[in-house]
Amino acid sequence: MFGLKKKKLDLSSPVDGKLIELAQVPDEVFSQGLMGQGFAIEPTADMIYAPVAGKITNIFPTKHAIGIKTKQGPELLLHLGLDTVELNGTPFELLVTEGQNVDPQTRLCKMDRQQIITAGKATAVLVLVTSGETVTLLEQESEQHGQVCATIKLD
């Protein structure tokens, strides 16, 4: 059985905090899975890391969303906060650029949670699989950056 490929891809927590199912996120676009399957973390820290090894494919001009293509193929969207697009990038300090290779030890950006809260926005960090693969959320209530939160089924 040589040459068998891994049938799953682990997704790590991009930030310290509490794991939240997407269905519990107070935004219908995300809670109904319209942007893809995945999970959210209610952060207790400001440093955001890559949830998986891959390449940065897109950074939104407002710095609130970062696209990553994994080495195994699935594409992810890391969405920082809810309705934070309206803040025009102010609470985010980017530490990566498009085209850069990353792994779960790579710092992507620093998010000023207090500034987001003061603006009346939610701070949840979402990890969404936008390429259609099935995501299995692991049953854990508390996470630290780098701990596996979910797996993607690869066919």
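Me: Is threonine 151 buried or exposed?
Reply: Threonine 151 is buried, because its relative accessible area is 12%, where buried means under 20% relative accessible area, exposed over 50% and partly exposed in between, with a 1.4 Å probe and protein chains only. This is a predicted model, in which local features need pLDDT of at least 70 and side-chain atom pairs count only at pLDDT 80 or more, while totals for chains, interfaces and linings use all residues. Residues are numbered from 1 along each chain as its sequence is written, and side-chain values use heavy atoms, with hydrogens and water left out.

Me: Okay, and where does threonine 151 lie?
Reply: Threonine 151 lies in strand β14, which covers residues 148-153; strands (E, at least two residues) and helices (H or I, at least four) are DSSP runs, numbered from the N terminus.

Me: Which residues does threonine 151 touch?
Reply: Leaving out residues up to four places away in sequence, threonine 151 touches Lys8, Leu9, Asp10, Thr134, Val135 and Thr136, where a contact means heavy atoms within 4.5 Å.

Me: How many Å apart are aspartate 10 and alanine 119?
Reply: From C-alpha to C-alpha, aspartate 10 and alanine 119 are 33 Å apart in space, and in sequence they are 109 residues apart.

Me: Switching to serine 13, where is it?
Reply: Serine 13 is in the loop between β1 (8-12) and β2 (17-21), and serine 13 counts as buried because its relative accessibility is 0%.

Me: What does the side chain of serine 13 have 2.5 Å from one of its polar atoms?
Reply: The backbone oxygen of valine 15 lies at that distance, 2.5 Å, from a polar atom of the serine 13 side chain. Apart from residues up to four places away in sequence, serine 13 touches Ile41, Glu143, Gln144, His145, Gly146, Gln147 and Cys149.

Me: New topic: what is the phi of aspartate 83?
Reply: Aspartate 83 has a positive phi of about 60 degrees, although it is not a glycine. Most residues other than glycine have a negative phi. Aspartate 83 is found in the loop between β7 (75-82) and β8 (92-94), and at 41% relative accessibility aspartate 83 counts as partly exposed.

Me: And what about the phi of asparagine 88?
Reply: The phi of asparagine 88 is near 55 degrees, a positive value in a residue other than glycine. Asparagine 88 is also found in the loop between β7 and β8, and asparagine 88 is exposed, because its relative accessible area is 61%.

Me: Now the whole chain: how many helices and strands are there?
Reply: There are 2 helices and 14 strands in the chain. The radius of gyration, taken over C-alpha atoms, is 15 Å, close to the 15 Å that the globule rule gives for 155 residues, so the chain is as compact as a globular protein of that length; the globule rule is 2.2 Å times the number of residues to the power 0.38.

Me: What percentage of the residues count as buried?
Reply: Of the 155 residues of the chain, 45% count as buried. Among contacts with a separation of 6 or more, 68% are between residues 24 or more positions apart.

Definitions and conventions. Polar contact = N/O pair within 3.5 Å; in protein donor to acceptor, adjacent residues only side chain to side chain.
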